[in-house]
Amino acid sequence: MIVLHLLIRTLFTYFMVLLSLRLMGKREIGKLSIFDLVVSIIIAEVSAMALQDLRVPIWHGALIIFFLVAFQIGMSFLSMRNRKIHDLIEGRPTVLVANGEINDREMRRTRYNMNDLLMQLREKNIANVADVEFAILETSGKLSVFEKAEKMPATAQDLRLRVAKTEMPISLIVDGHLDHSKLAQIGKSKQWLIKELKAHGIQKQENVFYAAWDGAKLHVDCMDDPQKPRDETLL
């Protein structure tokens, strides 16, 4: 009986935390604000307490998490509408390098030393601070870096080249299964797909592991032959 009770508490807590995090919005862990991080930590602590202490009714933890999520959502809406509240909760980005010069006053204020700055620049393949036009410390702790114009690689626009527009590839076949809705989305028929597969030397769609249309070309990846010996050097 105790095992069933633990299973129910575990599943309830799992889906409760999952729902609360979904309601709080989608953000990468590394891009959470201090406020979001604090709320997430408290939710984790409350969930752990609800699982460990069987004497505490599980709805107590659920109610606390509900209050935290409601508070986080409410503060998010307020910060969207009021700049002062936003700056108080989220903080403001700090310019550490401006016009190629290091802002040592802001470096000291944010307790950001030169070793931190140089390490972040090296991670972005920049060896010399003199090559940086702007470096901004975001509220998430990430450093956004903009190189000087003369140090940036040339683009197609700089070279006045006409390039094809990039389109999102649409997956038509995954693991041998055809997605008819995706085929209709690109305005193609199954006969067209069969013809394209034959042009790639494929007679059956079941032999296709992945096939995607990028707006101009069908990219096909066949399933591996189980009879073919594997290359152990790649393992």
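The protein has 8 helices and 8 strands. The radius of gyration is 27 Å, well over the 18 Å that the globule rule gives for 235 residues, so the protein is more spread out than a compact globule. This is a predicted model.

Its C-alpha atoms fill a box of roughly 70 × 60 × 45 Å along the principal axes. Of the 235 residues, 26% are buried. The accessible surface comes to about 17,600 Å². Carbon and sulfur atoms hold 59% of that surface. Among contacts with a separation of 6 or more, 47% join residues 24 or more positions apart.

**A nonpolar patch**

Seven names belong together here: Leu 4, Leu 7, Ile 8, Leu 11, Tyr 14, Phe 15 and Leu 18 make a nonpolar surface patch of about 700 Å². One of them, Leu 7, is found in helix H1, which covers residues 2-24.

**A loop residue**

Lys 204 lies in the loop between helix H8 (190-199) and strand E7 (208-213).

**Exposure of the two residues**

| Residue | Relative accessible area | Class |
|---|---|---|
| Leu 7 | 45% | partly exposed |
| Lys 204 | 52% | exposed |

Why do the classes take these names? Lys 204 counts as exposed because its relative accessible area of 52% is over the 50% cut-off. Leu 7 is partly exposed because its 45% falls between the 20% and 50% limits.

Terms used: Residues are numbered from 1 along each chain as its sequence is written. This is a predicted model: local features need pLDDT of at least 70, side-chain atom pairs count only at pLDDT 80 or more; totals for chains, interfaces and linings use all residues. Side-chain values use heavy atoms; hydrogens and water are left out. Helices (H or I, at least four residues) and strands (E, at least two) are DSSP runs, numbered from the N terminus. Buried means under 20% relative accessible area, exposed over 50%, partly exposed in between (1.4 Å probe, protein chains only). Patches are made of residues with over 30% relative accessible area and no salt bridge: like charges are joined within 9 Å, nonpolar side chains (Val, Leu, Ile, Met, Phe, Trp, Tyr) within 5 Å. Accessible areas come from the Shrake-Rupley method with a 1.4 Å probe; for residues, only the protein chains shown count as cover. A salt bridge is a side-chain nitrogen of Lys or Arg within 4 Å of a carboxyl oxygen of Asp or Glu. The radius of gyration is taken over C-alpha atoms; the globule rule is 2.2 Å times the number of residues to the power 0.38. Contact means heavy atoms within 4.5 Å.
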